[in-house]
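Biologist: Before we discuss the fold, please show the sequence and the coordinates. I shall then ask on what grounds each description rests.

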Amino acid sequence: MLLIGERINGMFKDIREAILNQNPEPVRHWANYQYKAGADYLDLSPGPAVEIEAQPRIMAWLVETVQKNVPLPCCLDSTNPAAIQAGLSAHQGKAIINSTSADQKKIDTLFPLALKYRAAIIGLTMNEKGVPQNAADRLALAMELVVNADQYGLPMEDLYLDPVVLPCNVAQEQVKEVLETMRQIKILATPSPRIVIGLSNISQNCLNRNLLNRTFLIMGLAAGLDAAIVDLTDENLLEAVSAARILLNQEIYCDSFLSVFKKRG
Amino acid sequence: MPVKVIRENWPGKVNTITLGIGSQAIKIGGEGAFPFLAFEGKLPYRPVVACEVWDEEPGDWPDLLTAPFAGVIDEPAAWAKKCLVYGADLICLRLVGAHPGAKNKSPQECARMAQKVYAAINIPLIVVGCGEDEKDAAVLPAVAEALAGKNCLLGWATAENYRPITTACNNYGHSLIASSPLDISLAKQLNILITETGFNPGSIIIDPLVGALGYGLEYAYSIMERLRLSALTGDKMLAMPVICFVGQETWKTKEATISDFECPSWGEQARRAILWELLTAVALTQAGGAIMVLRHPETVRHFLAHLTSFI
């Protein structure tokens, strides 16, 4: 599975201040930290504090600062298409656009960008009406995204469907719906679209967040999850992923599986 | 309507290893696809043949197998030269005489023998010990030193004796055969242990301990398929080329050793035995083997012809 590091996000105070002061140091620090911890991608989000007209410049700055320091591709996280475009044009390698909803207007804006820059794209199974309350409605939106990918000629393996994880303390009954959505996404097309989640959402404002996060991640992996935006400082989470990779036969077992996984970065 | 060819795009590939030096060097590995599926990825180097040469006259080989080496079988350097004529890409010198249960030759004696054979040939050299872990751990470092800088391939390093052999290969610039008994997890673990000593994973060749046709060939085949699949999907600890000791396995089967007289219904022994060695080698090449260690020159000839017809 792909581990996407969540930490370079303007929602965090140190990154917000780094962006406002154009200080690359905290961005470099978290790029290196997450790289060494085994990230495959780094999520980059300017966050809500940045003025809308400054967002493209900030996104490009984040991409350049990160890629000067670590050999990792980025997941460009913004609701602003201009920021996405600026990030894509600064980016080396295969980026992931994070994200479009299932609204046709957004799809028509962002899918062409994905194609132009040969990027992958995350499609949320939600639209202007909000997040569906059950698996069937999420899958209907997932199918909209799949059909669009087909029509635009976007390779199915470049479409990451996000079944939209909600905090378990406010939408407890939704957790099973999300898992069911994952199982069925895999049979929507051949080859299957991929599945991604923003993992830490599951435990927003909960206690024992790490326990909830890693338990849900493992349940997701068993249901077909391909990628997750995660907290790479959570060592227990990474250990659980290394065990899951073995148990799902994604990697050949050997006695040193844990230490090999940890040295991946 | 044209048929669309579905291709897998593999993120990983098998390591490329150079054996030998200068104009005599050969390359193996480097595959970016499954064997013979050249439309899916690069298969830059063909499988190669190593011919087996012993440091002692083999006592238990059938006449059929000793006949092509008549006059040279008690002289390893001359035997090796004869193999050049038979089309060998490499020579595999096997230090049978080092075994404590045989002549228990000293490491120095073995090292001199390896030098002598090296001097007689103009193709890369593989040297394997007697298969007794403790003795090989003493013999192979001496061989490594005697052949310093010649970029040979030495074996067998096992989970029991890899440390001194790895250190010697590292110090004197050789590649290493890591051998584990038909188990992919053990193969991976041994590669990890070897690389943890600081040895370059790009200089390891896996010996998965193959079986001959009718004697576990299918186990070896499926392990080698999984090795290749792991290499192609990016597992660096399984991205090593594979060596198959086909001759040693074939020429102990009853199908290869029983004479026409003992079992007339099985047909002519010469044809039967060579087919047995050939079919084992061909199958293991299909499974992704990079080096086939063979014994009979007729097998070598047919095997090379088979490769030519495919590549």
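Biologist: Among contacts in chain A between residues at least 6 apart in sequence, what percentage join residues at least 24 apart?

Modeller: This is a predicted model, and in its chain A the share is 69%. Contact here requires C-beta atoms within 7 Å of each other. For chain B, too, 69% of the contacts between residues at least 6 apart join residues at least 24 apart.

Biologist: How many helices and strands does chain A have, and why is chain A called as compact as a globular protein of its length?

Modeller: Chain A contains 10 helices and 8 strands. For its 265 residues the globule rule gives 18 Å, and the radius of gyration is 18 Å, so chain A is as compact as a globular protein of that length. Its C-alpha trace extends over about 45 × 45 × 35 Å along the principal axes.

Biologist: What makes a residue count as buried, and what percentage of chain A is buried?

Modeller: The criterion is 20 or more other C-beta atoms within 10 Å of the residue's own. By that criterion, 48% of the 265 residues in chain A are buried.

Biologist: How do you know that the radius of gyration of chain B agrees with that of a compact globule?

Modeller: A compact globule of 311 residues would have a radius of gyration near 19 Å; chain B has 19 Å, and therefore the two agree. The C-alpha atoms of chain B occupy a box of roughly 65 × 55 × 35 Å along the principal axes. Chain B comprises 11 helices and 10 strands, and 49% of its 311 residues count as buried.

Key: Residues are numbered from 1 along each chain as its sequence is written. Chains are lettered from A and ligands numbered from 1 in the order in which they are written. This is a predicted model: local features need pLDDT of at least 70, side-chain atom pairs count only at pLDDT 80 or more; totals for chains, interfaces and linings use all residues. Helices (H or I, at least four residues) and strands (E, at least two) are DSSP runs, numbered from the N terminus. The radius of gyration is taken over C-alpha atoms; the globule rule is 2.2 Å times the number of residues to the power 0.38. A residue is buried if 20 or more other C-beta atoms lie within 10 Å of its own, exposed if 12 or fewer, and partly exposed in between; C-beta atoms are placed from the backbone. Two residues are in contact if their C-beta atoms, placed from the backbone, lie within 7 Å.
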